[in-house]
Amino acid sequence: MTLVRSGEEPPRGGALVEIAQLRALAQRWYGDRLDPDWRPRTLEQSQSILDAVGLRGGFWRLA
Amino acid sequence: MTPEQLALRARIFEAFASTGGPPDLPDAPDLRALAEQHVVVLDEAARVVMAHPFAAPPPHRAAAELTRVVARSGPAPGVWHGNCAWDGLGIAAALGLDGAVVESGGITTDEAAFFHVGVPARQWWDDIGHT
């Protein structure tokens, strides 16, 4: 997983995520990790986060 | 996850948040259980090397392979490490660090346009160090 500058050739294959999308993903995915009442997410809840930030399709399926 | 495992997890995350690194812990069934549930990643000596979004600082891995999160001001100045920019931004989110610099591979997230993900989601945990 690497950062890519505008105009730079990305690595071949895989998927590209816009930085604004990555910020939204990081907030939703990790924002609660230090909460005292943290509990593990289900696979479906994790998938919903990917969906919510627009990361949909087979590449983004967790199972 | 049992109450004891939740408490151990909280201790690990609090250590990462406050010191930038994992606590020294004895190898124990609850620690192994957290690893099996992908809450932490252990090395061959059962030391915590990842607790996403946090990663242990160098030298467990070379600095160039890690993402750095640097907060120079605000309520909690400090330096933390993650495995990639996603984790770096996650550290900033979890710690509430507005304005922290997240640098990965010589590029900051402010300079980048995209984040490249090479491995499909269902394979992320096949080799989490590589992912």
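What percentage of the 131 residues of chain B count as buried? In this predicted model, the figure is 37%.

**Chain B overall**
- Chain B has 3 helices and 8 strands, and going along the sequence they come in the order α-α-β-β-β-β-β-α-β-β-β.
- Its radius of gyration is 15 Å, close to the 14 Å that the globule rule gives for 131 residues, so chain B is as compact as a globular protein of that length.
- The C-alpha trace of chain B spans about 45 × 35 × 25 Å along its principal axes.
- Take the contacts in chain B between residues at least 6 apart in sequence: 44% of them join residues at least 24 apart.

**Where the chains meet**
- On the chain B side 28 residues are in contact with 31 residues of chain A.
- Helices α1 (3-19) and α3 (85-95) of chain B, along with its strand β8 (112-117), each give two or more residues to that side.
- Strand β1 (residues 2-5) of chain A pairs with β8(B) in the antiparallel sense, over 4 bridges; A:Leu3 has B:Phe115 as its bridge partner in β8(B).

**Helix α1 of chain A**
- Buried residues in α1(A) are A:Leu22, A:Arg23, A:Leu25, A:Ala26, A:Trp29 and A:Tyr30.
- Down the helix axis, the buried residues of α1(A) fall within an arc of 165°, so they line one face.
- Those buried residues pack against β2 (15-18) and α2 (43-52) of chain A, and also against α3 and β8 of chain B.

Definitions and conventions
Residues numbered from 1 in each chain as written. Chains lettered and ligands numbered in written order. Predicted model: local features only at pLDDT ≥ 70, side-chain atom pairs only at ≥ 80, totals over all residues. Contact = placed C-beta atoms within 7 Å. Pairing = 2+ DSSP bridges. Buried ≥ 20, exposed ≤ 12 C-beta atoms within 10 Å, placed from the backbone. Arc of directions from axis to C-beta. Rg over C-alpha atoms; globule rule 2.2 N^0.38 Å.
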